[in-house]
Amino acid sequence: MMRSDEQVTRKRTRGRRKIPIEKIKCPSARQVTFSKRREGLFRKASELAVLCGAEFAIIAISGGSKVYSFGNPDAGTVINHYLNKRKMMRDYHSIVDEEAIGSYVRAVEALEGEKRKLAAERGGGGKGFEEWKEEKIQEMSLEEMEEYLKWLECLRTEIVEKIGEPSA
């Protein structure tokens, strides 16, 4: 038998225990757990804001479709800041894409100019790009293949210099 003073000090709750992470079946227990956990989450977020100076927003919707929000400085300000930042990033990426396309077009134009210049330097003895493209490799002599290989290496070097990457 227990003494009366032991009966008074005995815990009436189950205390902290590890629970399986799965949906709680009983709706009232689920609501109680949501309320307690939500309060704990908001308290921890508040501590994080004080300790680290972080800005954040938490939005929680209960099983009964009630919306709860918490934020530092407040949820609305943080959400607006996030949305504006996303818009700025989209605008930035569209500008970068336009610049990249323009850079590509300029590089292609420069490459075409270099090809014309190289063909002009070679004069009648050398073959231009279009002529090399038309000729079948199987029909080339060894000397022609060596000349073609040198021409391709030269073209590769010029392209690498134009785009600013180290050659491999």
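Analyst: The discussion below takes these topics in turn.
User: How are the residues numbered, and what limits apply to the model?
Analyst: This is a predicted model, in which local features need pLDDT of at least 70, side-chain atom pairs count only at pLDDT 80 or more, and totals for chains, interfaces and linings use all residues. Residues are numbered from 1 along each chain as its sequence is written, and side-chain values use heavy atoms, with hydrogens and water left out.
User: What is the mean pLDDT of the chain?
Analyst: The mean is 78, and 77% of the residues reach 70 or more; pLDDT is the predictor's confidence in each residue, from 0 to 100.
User: And where is confidence lowest, and where highest?
Analyst: Helix α4 (residues 129-134) is lowest, at a mean of 56, whereas α2 is highest, at 91. Helices (H or I, at least four residues) and strands (E, at least two) are DSSP runs, numbered from the N terminus.
User: Which residues make up the largest nonpolar core?
Analyst: Six residues do: F42, A45, A49, F56, I58 and Y68. Such a core is a set of buried (under 20% relative accessible area, 1.4 Å probe, protein chains only) Ala, Val, Leu, Ile, Met, Phe, Trp, Tyr and Cys residues joined through side-chain atoms within 4.5 Å.
User: Which element gives the most to this core?
Analyst: That is α2, with three residues.

Note on methods:
Buried means under 20% relative accessible area, exposed over 50%, partly exposed in between (1.4 Å probe, protein chains only).
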